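This report is an introduction for a reader who meets the structure for the first time. Please look over the sequence and the model before reading the notes that follow.

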Amino acid sequence: MYQKVKGFRDIYGLEARYWNKVEKVFRQTFRTFNFEEFYLPILEKSEVFNRGIGSTTDIVEKEMFAFEDRDGTQVALRPEGTASLVRAYVENKLFSTPGISKYYYVGPMFRRERPQKGRFRQFTQAGIEVFGSGGPSIDADVIYLLYKLAENLGIQNFVSMEINSIGCPACRPAYNEKLIEYFKSNIEHLCGDCLRRLDKNPMRIMDCKNESCKKITADAPKAVDYLCGECRDHFDGVKSYLDALQVPYKVNPMMVRGLDYYVRTAFEMITDRLGSQSAVGAGGRYDGLIQLLGGPDTAGIGFAVGIDRLVSLCMLNETEKENDLDVFIISFRDISDKIALKLANEMRSQGVSVDMDYDFRKMKKQFSLADRYGSLFTVVLGEDETAKGTAAVKDMQAGTQEEIEIAKVTEYITDKLRRN
Ligand code: ATP
Ligand code: MG
């Protein structure tokens, strides 16, 4: 017997149903905001991530599934979507279309981190990116979209939104200096990773999950206190648009993002319902990234949400059933097998979900199958009925039964389903 690779998992049954629902709601919601789907490759040259995510990040330092291809090319399974999408945007010269570009993607990501509940080595993200607008109104609308996803899934009560501004290349250096000074005076509490990052990327220390580091970051200088005038105006703008949209949020001055390329607005949707894995979705502005990956100087903002964790939240609501089938047809070999096959597909073409027993077993066995599928109606094509050209249609919830002409069964069922 084979076992799956550590940190990878199979998704089926009830969880797969919720998964389906989440993806459906996501696609509908993205469309209402005029986002276009972008299908990205799963494998990229490692360089895209090394540069696009940043060489001092956890992802690049230790989490990538990176390897050398047979021809010597360094490639990696994508750990996130933003760098890939920016690569695609630049490579396909999509920046030459006037106005802003809005894209979304849904798909698996790979990070070689320690597997635990809510943390896997293959997980699925849905994300959006907006290229070409630097103003605070799009920041607010993007944060609103993240909130709206939760609302449309009915889990808005399980999550909360935190926002922050982490400055820009103009004001970040002064802040970094303050941070370095502060961490140097607490150097004995820093973990090995943070010691290495201290001079190169001190803000990353704020994002460290090590308990000892977390304790000292609580009193560290805050980026919001060192913002330049433009960043301050931008942040005030974001907040006032969010207020206008009535998005519930909290400013968390300690929140930074794990990736190198973020500027100004950073935000995170968190939950306290999933144990230690509290981040459901996160994003921010990354105005320098498109240029960094070879494109023109174009503003960008986006977010990614973890579908695995969102599905777990949705499952707390118990809205989906393991099985739901509209109709199960009970039929018998040489008596009604062909009628059943035809009727099943006649109903399916009307959008009704239908199944039957292809082994035409005893009536009792077939009823228990109908039960297992949770069918709303059972259509029995027994010997007596078919001789008369009729079927016995049972409403499994009401417990009632009616005899219907076979030719009229589809109409009868679609009518009943419409009324339900
Ligand atoms: P965390 O703080 O949990 O490590 P992150 O900051 O690394 O999250 P992002 O890179 O911002 O996460 O990815 C966005 C979302 O993707 C997260 O909020 C989370 O829901 C999900 N996610 C990230 N890594 C994993 C993983 N290994 N397994 C499952 N979901 C994940
Ligand atoms: Mg992480």
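## A buried threonine

T82 counts as buried because its relative accessibility is 7%, where buried means under 20% relative accessible area, exposed over 50% and partly exposed in between, with a 1.4 Å probe and protein chains only. T82 belongs to helix 4, residues 82–91; helices (H or I, at least four residues) and strands (E, at least two) are DSSP runs numbered from the N terminus. Leaving aside residues up to four places away in sequence, T82 touches Y105, E129, Y261, Y286 and L289, contact meaning heavy atoms within 4.5 Å.

## Basis of the model

This is a predicted model, in which local features need pLDDT of at least 70 and side-chain atom pairs count only at pLDDT 80 or more, while totals for chains, interfaces and linings use all residues. Residues are numbered from 1 along each chain as its sequence is written, chains are lettered from A and ligands numbered from 1 in the order in which they are written, and side-chain values use heavy atoms, with hydrogens and water left out.

## The surroundings of ligand 1

Ligand 1 is surrounded by 16 residues, the closest being E113, R119, Q125, K209 and R257; a residue is near a molecule or strand if one of its heavy atoms lies within 4 Å of it. By class, this shell holds six nonpolar, four polar and six charged residues. Strand 6 (122–131), strand 10 (279–285) and strand 11 (300–306) each supply at least two residues of the shell, and the largest share, four residues, comes from strand 10.

An oxygen atom of ligand 1 lies 2.8 Å from a polar side-chain atom of R119, and an oxygen atom of the ligand is 2.8 Å from an N or O atom in the side chain of Q125. The protein covers 91% of the 580 Å² of accessible area that ligand 1 has on its own, areas here coming from the Shrake-Rupley method with a 1.4 Å probe.

## R257 and its neighbours

R257 is placed in the loop between strand 8 (250–251) and strand 9 (263–271), and R257 counts as buried because its relative accessibility is 14%. Not counting residues up to four places away in sequence, R257 touches D207, Y262, A266, F267, E268, A282 and G283.

K93 has a phi near 50 degrees, a positive value in a residue other than glycine, and K93 is exposed, with a relative accessible area of 54%. R264, in strand 9, has a phi near 50 degrees as well, but R264 is buried, with a relative accessible area of 14%.

Conventions:
A polar contact is a pair of N or O atoms within 3.5 Å; within protein, one must be able to donate a hydrogen and the other to accept it, and residues adjacent in sequence count only if both atoms are side-chain atoms. Ala, Val, Leu, Ile, Met, Phe, Trp, Tyr, Cys and Pro count as nonpolar, Asp, Glu, Lys and Arg as charged, and the others, Gly among them, as polar.
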